[in-house]
Amino acid sequence: MSSPKKPSAKQPASRSWLSRLVIKAAALVVGLGLCGALLGTLALALAWPSLPDLSAMIDYRPRVPLRIYTADKVLIGEFGEERRNVLRFDEIPDVMKSAILAAEDDNFYQHGGIDWTGVMRAVLANTIHMSKSQGASTITMQVARNFYLSSEKTYTRKFYELLLTFKIEATLTKNEILDLYMNQIFLGHRAYGFAAACRTYFGKELSEITPAEAAMLAGIPKAPSRLNPIASFERAKGRQAYVLGRMHSLGYLNDQEYQQAVDQKIIIKSAPGTPTGRYAVHGEYPAELARQLLYNVYQDDIYSRGFNIYTTIDSKDQEAAYQSLREGVLSYTRRAPYTGPEGKVSLPEGIESQTEDFNTLLDDIQEKYPDNGDLLIGVVLSASPTEVTVARTATEIIDITDKGALRVIARGLKANAKDDVLIERGSVVYVHKLPDHWELINKPSVQAAIVSLRAQDGAIQAMVGGFDFEEGKFNRVTQAWRQPGSAFKPFIYASALERGLTPATQISDEPFSLTAEQTGSKAWNPKNYGRSYGPMLTMRQGLYKSKNMVSIRIMQAVGPKYVQDFVTRFGFDRERQPAVLPLALGAGSVTPLQLAGGYAVFANGGYRVPPYLIDHITDSTGKVIMRARPSIAGDVAARAIDPRTIYVMDDMLRGVATYGTGARAHRELKRNDIGGKTGTTNDSHDAWFAGFNPDLVAVAWMGYDQPKSLGRGETGGGAALPIWVGYMRVALDGKPEIPPGPMPSGLSRIDGDFYFDEFPPGTAVARVGLPAPGDPIPGSPSDDGIGRLLNQLSQGGAPDATGQNNSGASAQPVKVPF
């Protein structure tokens, strides 16, 4: 028999080994935990001091752009990378706050900055997908990241974000944190904060937002560049539906409110002044000039410190100036020969019926040839002398049938038209809507400018420096130095009044010439416009008719050097107004703004009031940091010209605008307080009208940037005056006429004309360039020619082209027979 087996000793041994393993594992875990805690404490100790100071957050100063306003607080410009409209917490509607909490962090007011449930969910998702693709950022975390950290998805950044989140929560209240978030979060299209986004996408203030719109905005932070309604309306709508559902389930919206929000049609409409919208007033030129002026002081700081520039511009006047200039340029373009289409494309037969393909082709064309204000680009589908059909889109087809409109482009509709002028299928053209018909028109190549000033202090009321600011920022009001032509003659006449001439002085209108020997260079043979001459005119008549011969003889009598000195008192640069006889015809150079400043002296009674654009500037808190201190008419220190001279010139310039070359001003405005002068340079390179009433001065100019003729028959009265009249019609509407003031002391009116007391009849200059009474009239059989008359005038040599007389001495006032 076998003996029974003894109990095995291995079983107790196995249990002992297992127990030891458990103990060792527990010790290891505890040890690792202690090490982790130690390392965590060490990391915390090292990282905490390096966390950024929260002073920038507590004293939050967002990067607010430079904003530029008219005097009546209409926004005309905004400069800076970020668009912000910062609001206080209590100014933000509750529906916007609810939408944000529903979309981003519904436990915001319950957690301490970190939503641990969300963190665990993100960790699990990242572990499963083996990537760091999902986060669990709370609103506080986003504030921390946006103020101090990058957006990269790394565990190191996340660790610092967690620490900074705790610090923010310990320092700020929940409302303060939410306020920061709502004002500084990026929401696409350069909009920062929900107030700015509301203007960018819906064209309204945040106070007017609806639940449906609030939900759409609240859905943007997840992916601002992709989920905003301009970039992708459908994706934005999908995100909006999610946010509305969350608002409903969380109790922010009841059933009825939820359904109304779901049913609401969202209309995307950018507000004026936003990156995607336009400004209510076309103030691009004054806004850019104001920016440049402030940049000279603060450099790049102006784009982020929230400066507000309040200009002197009147919004109504500014828009009137813009519209009048545009119409004046288009009117000239209609008169000028049609120069042909903007370009040509190949249009396959039948493409009009393929809507999608046709729209794609038209989109490409409009990207290459963008619309220009109210000039709209299109493609010709068919053309004949009686009708032109143009497509803007596959469904927007325009028929041009008006006979007047077709007459303008007739040379392009002829069968034998040159290729660059021919209008045919595939021609890319601009169309323009008039009140009762469409027209096809060139994009203008001519330029124009208009500026107006308040006569009493020089405050600029309107400024348009060209036909299209987007084509180039060159401001012709301030940067274009052009010959003023006859618009400069009033300053010559004013100098003559102070040298003894009167409006009744008789002046020769016979042709005038200087030989090469007399000028020292080449012969000078100036002409009257239209080559019309007469024996003589009074000084008043010479100004009314803008006679060049009269102006030259006045300049010769007064002396070029005296005139040069005299005109500087109106603000003109001495070096740009040479002391030579051609200055009598406006051969110097001025800018439209400088000429307006000169005419302001006529308008305000003789005071020089330098033009200015900026009234005052405030910082982001509204504190005024700069304010203009303009010269004021009536201030003794601003007196530039004898009030008697100004009174007489005002009277004569009112006559020019009533009976002379500027009579259209009186005829169309039907006012008796208007004075002004036309100006046309040689070969019609420049066309001007400068005019005023006692309150307002305006100057209009037209010409080509590279000087060339505007065309035969184009004058200041025909090209520039209509722009001036169109502007003044609006600017002076409803304002009463202002009669001339009282006659200054030392001035008398005798036999219907004016005399200074020191130059009474018998002492004042009675005749210039004319023989003494009883002598033969120049050109008569008994006259020995114009040479004798010149010798009579020169008394020692006629002034040459440099303002010197033939003997080399400085030109002096010429002695004239009385």
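Analyst: Here is a run through the labels, each set against its cut-off. Keep in mind that this is a predicted model.

User: Let's get an overview. How many helices and strands are there, and what share of the residues is buried?

Analyst: The protein has 27 helices and 23 strands. Of its 818 residues, 52% are buried. As for contacts between residues at least 6 apart in sequence, 70% join residues at least 24 apart.

User: Why is Lys 489 called buried?

Analyst: Buried means under 20% relative accessible area. Lys 489 comes in at 0%, so it counts as buried. The residue sits in helix α18, which covers residues 489-497.

User: What is Lys 489 in contact with, leaving aside its neighbours within four places in sequence?

Analyst: Its contacts are Ser 546, Lys 547, Asn 548, Ser 551, Ala 584 and Leu 585. Gly 679 is 190 residues away from Lys 489 in sequence, yet the C-alpha to C-alpha distance is 8.7 Å.

User: What makes α18 "mostly covered"?

Analyst: Nine of its nine residues are buried. Besides Lys 489, the buried residues include Pro 490, Phe 491, Tyr 493 and Leu 497.

User: And why is helix α8 described as largely enclosed?

Analyst: Helix α8 (residues 194-202) has nine of nine residues buried, so the rest of the structure largely encloses it. Arg 199 is one of those buried residues, along with Phe 194, Cys 198 and Tyr 201, among others. After α8 comes Gly 203, with a positive phi near 65 degrees.

User: How do you know that α3 and α11 are roughly perpendicular?

Analyst: Helix α3 (residues 94-104) and helix α11 (residues 233-249) pack at about 100 degrees, and their axes are 9 Å apart. Angles from 65 to 115 count as roughly perpendicular, and α3 and α11 therefore get that label. On the α3 side the contact is made by Val 95, Ser 98, Ala 99, Ala 102, Ala 103 and Glu 104, and on the α11 side by Arg 239, Val 243, Arg 246 and Met 247.

User: On to charges. What makes Arg 476 and Asp 705 a salt bridge?

Analyst: The rule asks for a side-chain nitrogen of Lys or Arg within 4 Å of a carboxyl oxygen of Asp or Glu. In Arg 476 and Asp 705 the closest N and O atoms are 2.8 Å apart, and the pair forms a salt bridge. It links distant parts of the chain: Arg 476 is in helix α17 (residues 476-479), while Asp 705 is in the loop between β20 and α26, 229 residues apart.

User: Are the two partners buried or partly exposed?

Analyst: One of each. Arg 476 has 7% relative accessibility and so counts as buried. Asp 705, at 36%, counts as partly exposed.

User: How do you know that Arg 627 and Asp 615 make a salt bridge?

Analyst: Their N to O distance is 3.8 Å, and the cut-off is within 4 Å. Arg 627 is in strand β17 and Asp 615 in strand β16 (residues 614-618), so the bridge ties together parts 12 residues apart in sequence. Arg 627 counts as partly exposed at 45% relative accessibility, and Asp 615 is partly exposed at 25%.

User: Why are Asp 650 and Arg 654 said to be about one helical turn apart?

Analyst: They are four residues apart in helix α24 (residues 643-659), which means a separation of about one helical turn. In general, an α-helix has 3.6 residues a turn, so residues three or four places apart point the same way. Asp 650 and Arg 654 form a salt bridge, with the closest N and O atoms 3.1 Å apart, and both residues are buried.

User: How many salt bridges are counted in total, and which residues are linked in a network?

Analyst: The count comes to 38 salt bridges. Arg 88, Asp 90 and Glu 91 are linked in a network.

User: Last one: why is Met 626 called partly exposed?

Analyst: Met 626 is at 34% relative accessibility, so it counts as partly exposed. It lies in strand β17 (residues 624-627). With Val 297 and Ile 625, Met 626 forms a nonpolar surface patch of about 220 Å² accessible area together.

Methods: Residues numbered from 1 in each chain as written. Predicted model: local features only at pLDDT ≥ 70, side-chain atom pairs only at ≥ 80, totals over all residues. Heavy atoms only, no water. Patch = residues over 30% accessible without salt bridge, like charges linked within 9 Å, V, L, I, M, F, W, Y side chains within 5 Å. Areas by Shrake-Rupley, 256 points an atom, 1.4 Å probe, with all protein chains shown as cover. Helix = DSSP H or I, 4+ residues; strand = E, 2+ residues; numbered from the N terminus. Buried < 20%, exposed > 50% of the residue type's maximum accessible area, 1.4 Å probe, protein only. Axes fitted to C-alpha atoms, helices over the stretch in contact; angles between N-to-C directions. Parallel < 35°, antiparallel > 145°, perpendicular 65-115°, else oblique. Contact = heavy atoms within 4.5 Å.
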